[in-house]
Structures are given as structure tokens and as C-alpha cells.
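Please examine the sequence and the structure below before reading on.

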Amino acid sequence: GSLEEAGAPIMRREAVDVVGGLLMDCGEALGALAIAVEGLDPESEEGKLSSQRMGYSSQQMILAGKELRGEKKEKAVGKSWIKG
């Protein structure tokens, strides 16, 4: 799943849940890329930082896709709700 694949349904005004599913697929692919980048040169600080940033982006894309699909967020447990 590429970002272009997720964007095409937006241009065609398709259902939001379709876009959400494609965005989740794209996020999963970005996560796999993040792992691969870190594995290229485990000693490289730049590679490690790039991998971490891609990993975070992957998580956020998946979260956004879930929200577009109408999936419920996990509720905070304990006192974590205090922080906002």
C-alpha cells in the first residue's frame, strides 16, 4: 500500500472507511521499511534516528486509519487520563 493508493480514493470521493483501510496498509508498509532501514547499518545513528521517525509515522498513520474507519480508541487505564 502506497500513499498514492490511499490518496486516490480521496480524489474519487470514496467512502472514508476505504481511505482509512488504505492508510492503515500504508502505515504497516512504512513500519516494515523502518525496520529494514535500521537493519541496513545498525551502528549508524542517522539510520537509527530515521528508523525511529518512520516507526512513529507508521504508528500515527495506522491510528489515523483506524479513526477514519470508526474504530474505537483504547481507553486509558489507571491515572493516565489525568495527563490528558
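A residue is called buried when its relative accessible area is under 20%, exposed when it is over 50%, and partly exposed in between, using a 1.4 Å probe and protein chains only. By this definition, 24% of the 84 residues in the protein chain are buried. The model is a predicted one, in which local features need pLDDT of at least 70 and side-chain atom pairs count only at pLDDT 80 or more, whereas totals for chains, interfaces and linings use all residues. Residues are numbered from 1 along each chain as its sequence is written, and side-chain values use heavy atoms, without hydrogens and water.

The protein chain has three helices and zero strands, where helices (H or I, at least four residues) and strands (E, at least two) are DSSP runs numbered from the N terminus. Among contacts, meaning heavy atoms within 4.5 Å, with a separation of 6 or more, 61% join residues 24 or more positions apart.

Two residues illustrate this arrangement. Ser58 is located in helix α3 (residues 45–68) and is buried, with a relative accessible area of 5%. Beyond its neighbours within four places in sequence, Ser58 contacts Gly27, Glu28, Leu30 and Gly31. Ala15, by contrast, belongs to the loop between α1 (3–11) and α2 (16–40), and is partly exposed at 41%. Although Ala15 and Arg69 are 54 residues apart in sequence, their C-alpha atoms are 9.4 Å apart in space.
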